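I opened my notebook today to look up a few things in a protein model. Come along and check each entry against the picture.

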Amino acid sequence: MKEEEEGPPDRELYALLHISPEASNEEIKKAYRQWAQIYHPDKCEAPHMKDAATENFQRVSSAYEILLDENKRKIYDIYGMEGLTSGLELGKKLNKAEELKEELERLRKLKEELERLRKLKEQEISAHFRPSGTMWADMSLPDLLHGHGIMRGMAMTSSVHSHISKHNILSIGGNLEVNGDSGYGDATIGFGRQISSVSSIEFIGSAGLWPLIGVQTSRNMSSHLTATMGLSMSLRDGSLNLSNTWVRRLSESTSGNIQLALGSDSALSVGWRKKNEKLSAAGQLKCGIDSFAALAHYNHRFSSKSHGRIAGKVGSNALELEVGVGRKLSNLSSVRMLYSIGIQGISWKFKLRRGGQKLVIPILLSGDLDPVFAAAAFIIPTSLYFVLKVLEARAAADKAQKLLQNVANRKQNRQLEIGGLVITKAWYGNLKALKKRDELVESMIHRSLMLNCL
C-alpha cells in the first residue's frame, strides 16, 4: 500500500474493516470475523472470482494483524505504512512518540542515502545524453495599456550534449529570438575531447546571423589552478577574438578568476565565487575599451526548500537592483520570483525550472521610477510570500497535531473504561499570575451579582 508523504494520516486499514480509528480490540475482532467470512476463498463459488476473493481476504487479514497488535497500531496511526515498512519496531527503548520519531528519522535517512546512491547511478547513465534549454517570454504592461499587446519579444535556446565515447563529447544547439518585427536564429555544433586527465580541447562551429568557427582548450595547471584559452574567427568579416581565463581555487568553497578578451569586445574581467550549503555569492568587475560594469549577487538558503536572492548591477549603460525569493517544488523543479528596479523601469521576473529546462517570464510594470508604484510592486509579492509561509507553517502544525490525535483518544477511552486518570483541563503559565486572574474574575462576578440585587 502506498503512503503519501503529505496529507492526513493513513486510514486505509480502518476502511478495509469498516471501523473507526478509535475502535476497540473487540470491535476489530468482530469486524474481521464478518469480512473474513465474506472474502474467504472457500466461500466463493464462482471460479473466476476466487482470485479477487483471495486478494481481499489477504488484505483484510493483514489489516487485522496490524490493528490488533498494539505496537504496530501505534506506529501505523502516527506514521502510516511508511513506519511499518521502514522496519520501525517498539520495545523497551521505543515507547514514546519522540523516540519513535527519532528511530523513524534514522531509518528514513538510511533510505534517503540508498536513494541518493541510486540517483547517482542514474545520473551517470543520463550523463551520456543531457538535454537543456531556456524559453524567454518578455512582457510589458505599459505596452498592453497603450493597445500594443503585452508581448515584447520571445527567445528560445536548446542544446544536447552526448558522450559518443569515453573521451569524446558531441554537442548540438541552437537559438531563436524574436523582438518586435525582427528576429534571428543560429545553430551551433561542438566536438570535445579529453586529451588527458588534466587537459581537454573543444572545436566549435556556428551558422546563422553571426557564423563563426573556434577552438578552446583547458588545462589544470595544478590542483588549485585551471587555465582556459579560446580562439574564434568570424566567417562574416574574418575578425579574430582571443580569450584567456585563469581560475584559482582560494579555499574549499571560494574561487577567483581573471579573464582577458581581445577582439571586437576587448575587456579585462576579475571575479570571485563562493558557495556552500547555506549560501552562494559571486561578484565581477569588467573594464572594456569604452565600457565599464560591476555586478554581484547573493543567495541565502532559508531551508532545504526556500531561499532568498539579492543582486545588483552598475555600469556605463546599466543600473539595476534585484531582490527575490525561490522555492523548491520537487527534486527536479523549482520556482523563483524576482523584483527588479533600475534605469529601464520596474519589473517582476518569474523563473520556473524543470530538470534541464527553464522558463523565464520578465514583466515590465512601469518604465517610470515612481516611488509609490515601486514600493507597491515590492510589497505585494513580499506580503504574498509571507502569507504563504504562515499558511504552510500552520498546515504543518495541524498535521503534527492530527498524527497523535487517534492514539490520544484511544488512551483516553481506555482510562475512562477502567476509571483511570484523565486530564480534561490544564493551565499553563505563572501560578501567581493565574491566581491573580482568578481572583479578579471572582471579584467582577461578585460585583455584578450585588448590582443585580440592588
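**Ground rules.** I am working with a predicted model, where local features need pLDDT of at least 70 and side-chain atom pairs count only at pLDDT 80 or more, while totals for chains, interfaces and linings use all residues. Residues are numbered from 1 along each chain as its sequence is written, and side-chain values use heavy atoms, with hydrogens and water left out.

**Entry 1: the cores.** I looked up nonpolar cores, meaning sets of buried Ala, Val, Leu, Ile, Met, Phe, Trp, Tyr and Cys residues joined through side-chain atoms within 4.5 Å. Buried means under 20% relative accessible area, exposed over 50%, and partly exposed in between (1.4 Å probe, protein chains only). The largest core has 18 residues, and Leu13, Leu17, Ile19, Ile28, Leu67 and Tyr76 have the most contacts inside it. Helices H1 (12–17), H2 (25–39), H3 (50–68) and H4 (70–85) each give two or more residues to this core. I noted that helices (H or I, at least four residues) and strands (E, at least two) are DSSP runs, numbered from the N terminus. A second, separate core has 8 residues, including Met139 and Leu365.

**Entry 2: Leu67.** What does Leu67 touch, leaving aside neighbours within four places in sequence? I found Leu13, Tyr14, Leu17, Ile19, Ile28, Arg73 and Tyr76 in contact with Leu67 (contact means heavy atoms within 4.5 Å).

**Entry 3: two loop residues.** His18 lies in the loop between H1 and H2, and His18 is exposed, with a relative accessible area of 57%. Its phi is near 60°, a positive value in a residue other than glycine. I reminded myself that most residues other than glycine have a negative phi. Ser266 sits in the loop between strands S9 (254–262) and S10 (267–275), and counts as buried at 15% relative accessibility.

**Entry 4: salt bridges.** How many salt bridges does the structure hold? I noted 6, each a side-chain nitrogen of Lys or Arg within 4 Å of a carboxyl oxygen of Asp or Glu. One of them joins Asp138 and Arg152 (3.3 Å, N to O). Asp138 is in strand S1 (residues 129–140) and Arg152 in strand S2 (residues 151–163), 14 residues apart. Another pairs Lys349 with Glu322 (3.7 Å, N to O). Lys349 lies in strand S16 (residues 345–354) and Glu322 in strand S14 (residues 318–328), so this pair ties together parts that are 27 residues apart in sequence. Both Lys349 and Glu322 are buried. Salt bridges with shared partners join Arg309, Glu322 and Lys349 into one network.
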